[in-house]
Every structure is written in structure tokens, then in C-alpha cells.
Amino acid sequence: MDDQLVYIVHYADQSAPTELLKAFSSERRAAEYVAMLKNAPYPKHEAANYRYAAVQLN
């Protein structure tokens, strides 16, 4: 069985715990979702703090 990557979209603010928002199997979709969030952030969220990261599942 091959190891699988998932892309986790999260909100990382230094003054609060990291919030995991959504997971994607496609890096492109994760990047698009982050771009959407930066254009229309959740209330009380700074747009610059949205990120995604690859996580390996095995």
C-alpha cells in the first residue's frame, strides 16, 4: 500500500491554538480553498493566517 498525502487547510494565529478547517486529497483544491478564505475570511480571522500543509498518511 502506497503512502497517501492529504492537504490540511488550517488557520494559524500565534495568539490562539491552530484551527484545522478542511482536508483535501488535491493540493490544487487546498490552494484554491486557502485563496477563497483569504478573499473572504471567517469573522475575527486575519486573512494572512490561512495556510495549508501536506500530511502523509500511512
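Me: How many of the eight residues of strand 1 are buried?
Reply: This is a predicted model, in which local features need pLDDT of at least 70, side-chain atom pairs count only at pLDDT 80 or more, and totals for chains, interfaces and linings use all residues. Residues are numbered from 1 along each chain as its sequence is written, and side-chain values use heavy atoms, with hydrogens and water left out. Helices (H or I, at least four residues) and strands (E, at least two) are DSSP runs numbered from the N terminus, and buried means under 20% relative accessible area, exposed over 50%, partly exposed in between (1.4 Å probe, protein chains only). Strand 1 is mostly covered, and its number of buried residues is six.

Me: In what order do the three strands form the open sheet?
Reply: Two strands pair if DSSP finds at least two bridges between them. Strand 1 (residues 4–11) is joined to strand 2 by five antiparallel bridges and to strand 3 by eight bridges in the antiparallel sense. The order in the open sheet is 2-1-3.

Me: Why is one side of strand 2 and of strand 3 left without a neighbour in the sheet?
Reply: Strand 2 (19–24) and strand 3 (50–57) stand at the edges. One side of each lacks a neighbour because each has a single partner strand.

Me: What does the twist average from one strand to the next?
Reply: Axes are lines fitted to C-alpha atoms, for helices over the stretch in contact, with angles from 0 to 180 degrees between N-to-C directions. From strand to strand, the twist averages 30 degrees.

Me: Which residue is the bridge partner of Ile8 in strand 3?
Reply: On the strand 2 side, Ile8 stands opposite Ala23. In strand 3, its bridge partner is Ala53.

Me: At about what angle to strand 3 does helix 1 run?
Reply: Helix 1 (residues 27–39) lies across strand 1, strand 2 and strand 3. Its direction relative to strand 3 is about 155 degrees.

Me: Is the ring pair of Tyr7 and Tyr52 stacked or edge-to-face?
Reply: Rings of Phe, Tyr and Trp (its six-membered ring) pair if their centres lie within 6.5 Å; planes under 30 degrees apart count as stacked, over 60 as edge-to-face and the rest as tilted. There are three aromatic pairs by this rule. For Tyr7 and Tyr52 the centres are 6.4 Å apart and the planes stand at 70 degrees, so the pair is edge-to-face.

Me: How many residues apart are Tyr7 and Tyr52?
Reply: Tyr7 is buried at 11% relative accessible area, while Tyr52 is partly exposed at 30%. Tyr7 belongs to strand 1 and Tyr52 to strand 3, and their separation in residues is 45.

Me: With which residue's side chain does Asn49 make a polar contact?
Reply: Asn49 lies in the loop between helix 1 and strand 3 and is buried, with a relative accessible area of 16%. A polar contact is a pair of N or O atoms within 3.5 Å; within protein, one must be able to donate a hydrogen and the other to accept it, and residues adjacent in sequence count only if both atoms are side-chain atoms. At 3.3 Å, the side-chain partner of Asn49 is Tyr11.

Terms used: Contact means heavy atoms within 4.5 Å.
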